[in-house]
Amino acid sequence: MKLSPSAQKVQDALQQRGFGHLQVQELTASTRTAQEAAHAVGCNVGQIVKSLIFRGATSGQPYLLLVSGVNRVNTHRIEADLGEKLVKPDADYVRSVTGFAIGGVPPVGHAQPLKALVDSDLLQYERIYAAAGTPFALFGLTPDELLALTEGRVTQLT
Ligand code: 5CA
């Protein structure tokens, strides 16, 4: 099946990184929220990877937080870890640094390289699912593959 342009962009990025065996799936059901995505694939909400963008208040640098679908990030903990305050950016900023609209932001294939932090709670699962460019697209992968793809650092985000 032919993917939509944004989902294809993610599939191409996976291919380029040597992860062409990971298959973007475009569904008829919404995957816009972690709950909807879990329902669409029939997994636990914790197995859904939320790809959240924050901006460093001092550096202006964007950060990619890869968070288990059941978790809320503890910004104070992450600020202490990163050594700067974090700002929650608006939708336009998210689109400009990732190249994707909110609801479909994937963990790979961004408009610019993003420093990534990975929620340690994701490591307990055999299989996890991340957004793939649109609010109807996902791909399944292992936590190890997520780490390799994003070069993310594992840490407690809650
Ligand atoms: N496709 C689903 C499951 S992978 C998904 O993308 N979920 S998400 O949690 O990664 O993306 C939604 C997130 O976008 C929200 O948790 C929130 O952090 C952020 N967001 C939603 N609306 C806005 C907004 N108006 N401005 C900035 N960020 C927003």
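Me: At the start of α3, a side-chain oxygen of which residue reaches to within 3.2 Å of the backbone nitrogen of H76?
Reply: This is a predicted model, in which local features need pLDDT of at least 70 and side-chain atom pairs count only at pLDDT 80 or more, while totals for chains, interfaces and linings use all residues. Residues are numbered from 1 along each chain as its sequence is written, and side-chain values use heavy atoms, with hydrogens and water left out. Helices (DSSP H or I, at least four residues) and strands (E, at least two) are runs numbered from the N terminus. At the start of α3, the residue whose side-chain oxygen reaches the backbone nitrogen of H76 is N74.

Me: Within what arc do the buried residues of α3 fall?
Reply: Helix α3 covers residues 75-82, and I78, E79 and L82 are buried there (under 20% relative accessible area with a 1.4 Å probe, protein chains only; exposed is over 50%, partly exposed in between). On the other side of α3, H76 and A80 are exposed. The arc is that of the directions from the helix axis to the C-beta atoms. The buried residues line one face of α3, because seen down its axis they fall within an arc of 105°.

Me: Which strands do the buried residues of α3 pack against?
Reply: Contact means heavy atoms within 4.5 Å. On that basis, the buried residues of α3 pack against β3, β4 (86-87), β5 and β8 (153-155).

Me: Why are the buried residues of α5 on the same side?
Reply: In α5, P143, E145, L146, L149 and T150 are buried. They are on the same side of α5 because, around the axis, they cover an arc of only 155°.

Me: How far is the charged end of K9 from the centre of the ring of F100?
Reply: A charge sits over a ring if NZ of Lys or CZ of Arg is within 6 Å of the ring centre and within 35 degrees of the ring normal. R55 lies over the face of Y93, at 4.7 Å from the ring centre. The charged end of K9 sits over the ring of F100, and its distance from the centre is 4.4 Å.

How values were computed. A polar contact is a pair of N or O atoms within 3.5 Å; within protein, one must be able to donate a hydrogen and the other to accept it, and residues adjacent in sequence count only if both atoms are side-chain atoms.
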